[in-house]
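The following exercises concern the contacts between and within chains. Please study the sequence and the structure before reading the solutions.

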Amino acid sequence: MKRYAFAALISALVCTTPIVFAQSASDQLAEYRRMLADGNPAELYEAEGEELWSKPAGPKMANLEKCDLGLGPGVVAGASAQLPRYFKDTDRVQDLESRLMTCMETLQGIPQADIVKGSFGRGVRKDLEAVVAYVVTQSKDMKVNVPATHPKEKEMLALGEKIFYLQGGPMDFACASCHAVDGQRIRMQDLPNLTTAKGATEGWGSWPAYRVSSGTFWTMQRRLNDCYRQQRMPFPIYGSDVTVALSVFMANKANGGTIQTPGLKR
Amino acid sequence: MNITFNKLALAGAAALFMLAASPTSYAQKVDPAVQAIMERSFREQGIAKLDRIQQDDFQILCSDAKFRDSPEGRKKTEQLQAAALAAIKPPSDGKYLGDWKAGEVVAQSGRGATWSDTLKTVNGGGCYNCHQVTKQEISHGTIGPSLLNYGKIRGTSEPILVYTWNRINNSKAYNACSNMPRMAHFNLLTEQQMKDVMALLLDPASPVNK
């Protein structure tokens, strides 16, 4: 009897309050992700990136197989799980994309400035993005491991935290305006709280991702770039220290969380 | 013509506000290391110039929770709020309420002020990004409070008109670190657009109050 009453209550809820069930886009997206679990279109980029990794290119006609992403030359498995990190040869903290620019310049002779000047999804930048898809897939299901122990990493972590809360532009927005409280939305879009381990794992741990709405693979640099566009800020330079510092901050918060890259987004 | 005049009036109000707000006895400095990394990491693009990373007093205060919560920070908060409130201009013709239908268009649009917009872009208020406004629109954000029945609950007495006008013009006059953009301060909305949003919130015929 009780069970019937419960069933009746549920059906009444379903019939009278469909809005409640449509409140969050995340339910539908979760379903969509489940359907595409074995076929994220990012795989196309990944396959291209794997090829580009071993294919001679640039003025030096060299491949990227000697690129050191932090675990030694040529080691790709688990590499993006421990990025950003400090690199002795550049004396900088680098994220995956700024590090790949270093490798493309030193190994292949492609000037970093050319990639920085370019646009997302075009030219050499597009090749780099494909390599990103390849590299991040090799850290899927691993744990984020960005402890920020080197003094320069600590410095970037502290700067990243301050920049996360830094308001600017004509709408006074900071990253924190949208990403420092649990359970908030812009329109129907759920916003991860990047100041918590759970939210940072959701955010940091699922980018780069294939974006269904634009039909393109977006790297973390591209994600941050569009965040700053919507913050009404000026244009963050590709691979700049602000983007790396914010990445250190997010990755550090996500430490220990499981990586789901490449992700699949609306 | 009218719009141009309003823009000028608003720019004037914004300039007055800057004058009133900038000379403070609690000048708070931006961390030089943060300022340096910001300056070397951005470039201008379209209408988004580099002056946007130069913080004003509100932005400096609200970027630093520790200072904001200190006795000095609280003093500064009061000072900034008072100056902002004093700088808000009432509607030039004394009429607070425009057309709620036009207000709904403003509330729906989140356009404007990005580097992919131009000076000709008609800005939106982006209200639905953060607020529930009408029952009909279920695609709304939750960063701000629900505005359902805003006018039905409060009525349209003079103090309510003035308060609501002020909130839209410069929400930070009441809450220095409110997440809501200062719509008049940076000329984000025209006077007419703000009147239309007022009508959306307060007109008994508006779907907000149905």
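Two residues are in contact if their C-beta atoms, placed from the backbone, lie within 7 Å. The model is predicted: local features need pLDDT of at least 70, side-chain atom pairs count only at pLDDT 80 or more, and totals for chains, interfaces and linings use all residues. Residues are numbered from 1 along each chain as its sequence is written, while chains are lettered from A and ligands numbered from 1 in the order in which they are written.

**Exercise 1.** Determine how many residues of chain A are in contact with chain B, and which element of chain A gives the most to that side.

*Solution.* Begin with the totals: 34 residues of chain A are in contact with 39 residues of chain B. Next, sort the side of chain A that touches chain B by class: 19 residues are nonpolar, 8 polar and 7 charged. Here Ala, Val, Leu, Ile, Met, Phe, Trp, Tyr, Cys and Pro count as nonpolar, Asp, Glu, Lys and Arg as charged, and the others, Gly among them, as polar. Finally, consider the elements, which are DSSP runs numbered from the N terminus (helices: H or I, at least four residues; strands: E, at least two). H12(A) gives the most to this side, with 4 residues.

**Exercise 2.** Describe how the axes of helix H12 of chain A and helix H2 of chain B cross.

*Solution.* Axes are lines fitted to C-alpha atoms, for helices over the stretch in contact, and angles run from 0 to 180 degrees between N-to-C directions. The axes of H12(A), residues 241–253, and H2(B), residues 32–41, come within 8 Å and cross at roughly 120°. H12(A) is therefore oblique to H2(B); angles under 35 degrees count as roughly parallel, over 145 as roughly antiparallel, 65 to 115 as roughly perpendicular and the rest as oblique. On the H12(A) side, the contact involves A:Asp241, A:Val242, A:Thr243 and A:Ala245, which meet B:Ile37, B:Met38, B:Arg40 and B:Ser41 of H2(B). These residues divide into 4 nonpolar, 2 polar and 2 charged.

**Exercise 3.** State how S7(A) and strand S1 of chain B run, and which residue is the bridge partner of A:Pro236.

*Solution.* Two strands pair if DSSP finds at least two bridges between them. S7(A) and S1(B), residues 42–43, are joined by 2 bridges and run antiparallel. The partner of A:Pro236 is B:Phe42.

**Exercise 4.** Describe the crossing of helices H4 and H7 of chain A.

*Solution.* The axes of H4(A), residues 42–54, and H7(A), residues 123–137, come within 7 Å and cross at roughly 100°. H4(A) is therefore roughly perpendicular to H7(A).
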